[in-house]
Amino acid sequence: MRIVLTIIWALALFIFTCSVNFNLLIQHHIIDFQLNPNPDWSELLRLDFQWASHDWILRKIGHLIGFFILALLASNFGKYKSAFYLSIIYAALTEILQLFFFRGGRIYDVINDSFGVLLAYLFCLILFSTSSRHKRNFKRGNTSYAYQEK
């Protein structure tokens, strides 16, 4: 089931990142792919930050959250470490593919996506270090561990 969810989520990320008109997709649920056989590779290096644009900031937060979720699903919440690397590779791939669909792929989006993957990795480390600490104490017969920490 995890694999199916991961594939569905990766497909959703592909649709969000490669549909020609993001606003048309969000507002009217219209997926529009148009192939660009001659992409402009310089688009990857453009630094067109739009910090004053609310929509731009929301899209960047969406990138981060989208790849955070992908990394959690693909890694089965940290059980498969290689999935974190694969999530970063997929982030780079989606940015490159955007160039072939009249979208502007950006290196800084790969960095933002990778930050989402890194947060997922750290989340898993924290989650499992805390849960394994509780399991060790429970096995030792110390069931009041949570109360002793306070």
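1. Thr94 touches Thr17, Cys18 and Phe67, leaving out residues up to four places away in sequence; contact here means heavy atoms within 4.5 Å. Thr94 is found in helix α4, residues 82–99. Helices are DSSP runs of H or I with at least four residues, numbered from the N terminus. Thr94 is also buried, at a relative accessible area of 0%. Buried means under 20% relative accessible area, exposed over 50%, and partly exposed in between, using a 1.4 Å probe and protein chains only.

2. A quick word on what you're looking at: this is a predicted model, where local features need pLDDT of at least 70, side-chain atom pairs count only at pLDDT 80 or more, and totals for chains, interfaces and linings use all residues. Residues are numbered from 1 along each chain as its sequence is written, and side-chain values use heavy atoms, with hydrogens and water left out.

3. Now look at Gln98, which lies in helix α4. Gln98 counts as buried, with 2% relative accessibility. Setting aside neighbours within four places in sequence, Gln98 is in contact with Thr17, Cys18, Arg103, Gly104 and Gly105.

4. Which residues of α4 are buried? They are Ala83, Phe84, Ser87, Ala91, Thr94, Glu95, Gln98 and Leu99.

5. The length of α4 checks out: its 18 residues should span 26 Å at 1.5 Å a residue, and the end C-alpha atoms are 27 Å apart, which agrees. The expected span is 1.5 Å times one less than the number of residues.

6. Finally, over to helix α3 (residues 54–75), where you'll find Ile57. Ile57 counts as partly exposed, at 30% relative accessibility.

Note on methods. Helices (H or I, at least four residues) and strands (E, at least two) are DSSP runs, numbered from the N terminus.
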